[in-house]
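Here is a short report on a protein model.

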Amino acid sequence: MNFNDFVGNHEVKAQLQELFEENKVFHAILIEGEKGLGKKTLANIIAQTAVCSRPKMGVACEECSDCKKVQKCIHPDVIYPEKTGVLQTYSIATVRKIRSDAYIAANEAQNKVYIFSDVDNMGVPAQNALLKVLEEPPKNVIFILTCTNFANVLSTIRSRTQQIALKSVSQQELHKYLLQNYPEENLNEIWQISKGNIGVALNLIKLPDWKKTSDIAKKIALSLVSSNEFELMTLVAQLSDSKKEFSSMLKIFSSILRDVMILLAKASVADANDCAKTLSEKLSMKQVLNLIDVTHCTKDYVEKNVNLSNVTTFFCSNLFKISNRNL
């Protein structure tokens with residue numbers, strides 16, 4: 001995959017392609033975007049372009065030995081530093097090791113690339129350790145950092161990087177991409193749920209029965225206004241054995257709550273479903289905001305591999321409390 005294959009974000013692609021063509025790529029690039037927008041994919045494309053031995057007009061050839069090794073994740077000059085600990089982030093020791101390694105010449109390619117993902121999860125000491133190499137960058141070394149929010153990265157690091165913010169894909173672009181690969185699916189519902197997040201769309205469409213998961217998410221949402229705790233627990237229990245299905249349900253549930261919030265703010269939601277409309281008539285804005293907070297917290301627990309049974313219990317208990325509290 002090269003810049004031409006990356007869906008959406010045309011201005012970002014054009015900017016990066018021009019910089020590579022003119023050999024003006026910054027020594028450090030910080031990519032921001034919510035999970036699923038393609039930060040990791042774009043980082044790999046940038047890395048492949050940086051080590052490609054036969055680039056053409058700022059685009060990797062995808063045919064040379066260097067490109068093929070990047071595609072297989074075996075290129076010695078494209079390094080993914082190791083994450084450690086419960087939070088799966090970069091330690092100070094890891095960053096210091098990278099700092100020393102960065103000054104060693106590349107093995108095969110003309111450039112050496114380090115890809116740090118989710119740097120907004122790094123502690124301040126580790127970020128400061130990384131800052132030292134960004135202040136005095138070695139020649140022919142590119143650091144690619146990804147985050148979900150620029151604000152969570154030290155301002156001193158942001159000031160030494162080229163910042164790129166990824167946006168959601170347009171409905172037309174997402175439809176076109178999905179039609180080429182999944183022509184039999186209900187693409188309108190996929191778009192409604194994903195809100196242009198191509199990663200969410202692909203994860204959902206790859207589930208064995210994504211329509212069932214979508215239906216469960218809607219029923220969970222409606223159970224909140226029926227004050228039926230047993231129904232809520234029964235619905236969530238159907239997904240308690242599958243982290244992937246439960247995660248997808250949370251994304252769909254978040255999409256519903258987002259529409260409810262917009263409706264409560266008296267704004268128009270062209271594709272809001274009946275479920276969101278029903279909830280907007282029964283819940284207050286404060287309740288919806290609290291439900292969104294609980295859902296985000298639940299997502300974090302799932303990503304950190306907290307016991308799924310404990311996570312589902314936390315999710316059900318808090319949803320029921322909030323939906324039955326007068327706020």
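## The nonpolar core

A nonpolar core is a set of buried Ala, Val, Leu, Ile, Met, Phe, Trp, Tyr and Cys residues joined through side-chain atoms within 4.5 Å. Buried means under 20% relative accessible area, exposed over 50%, and partly exposed in between (1.4 Å probe, protein chains only). The model is predicted: local features need pLDDT of at least 70, side-chain atom pairs count only at pLDDT 80 or more, and totals for chains, interfaces and linings use all residues. Residues are numbered from 1 along each chain as its sequence is written, and side-chain values use heavy atoms, with hydrogens and water left out.

The largest nonpolar core has 47 residues. Leu178, Ile220, Phe246, Met249, Phe253, Phe315 and Leu319 touch the most other members. Helix 12 gives the most to this core, eight residues. Helices (H or I, at least four residues) and strands (E, at least two) are DSSP runs, numbered from the N terminus.

Which residues of helix 7 are buried? In this helix, residues 171-181, they are Leu174, His175 and Leu178. They sit on the same side of helix 7 because they cover an arc of only 100° around the axis. The arc is that of the directions from the helix axis to the C-beta atoms. On the other side, Gln172, Lys176 and Gln180 are exposed.

The cover over the buried residues of helix 7 includes helix 8 and helix 9 (198-205). Leu178 is in contact (heavy atoms within 4.5 Å) with Pro183, Leu187, Ile190, Ala201, Leu202 and Ile205, leaving aside neighbours within four places in sequence.

## The cavity

On a 1 Å grid over the protein atoms alone, a cavity is a set of points where a 1.4 Å probe fits but cannot get out; a pocket is an open set with protein on both sides within 12 Å along at least five of seven lines; lining residues have an atom within 4 Å of a point. Grid points are joined across faces, edges and corners, and a volume is the space filled by probe spheres set on the points.

The whole structure has one cavity of 30 Å³ or more. The largest cavity holds about 60 Å³ of space. Helix 8 (187-194), helix 10 (210-226) and helix 12 (243-264) each supply at least two lining residues. Helix 12 gives the largest share, four residues.

## A pocket

The second largest pocket holds about 290 Å³ of space. Its lining has 18 residues, and Phe20, Asn23, Val25, Gln110 and Asn111 lie nearest its centre.
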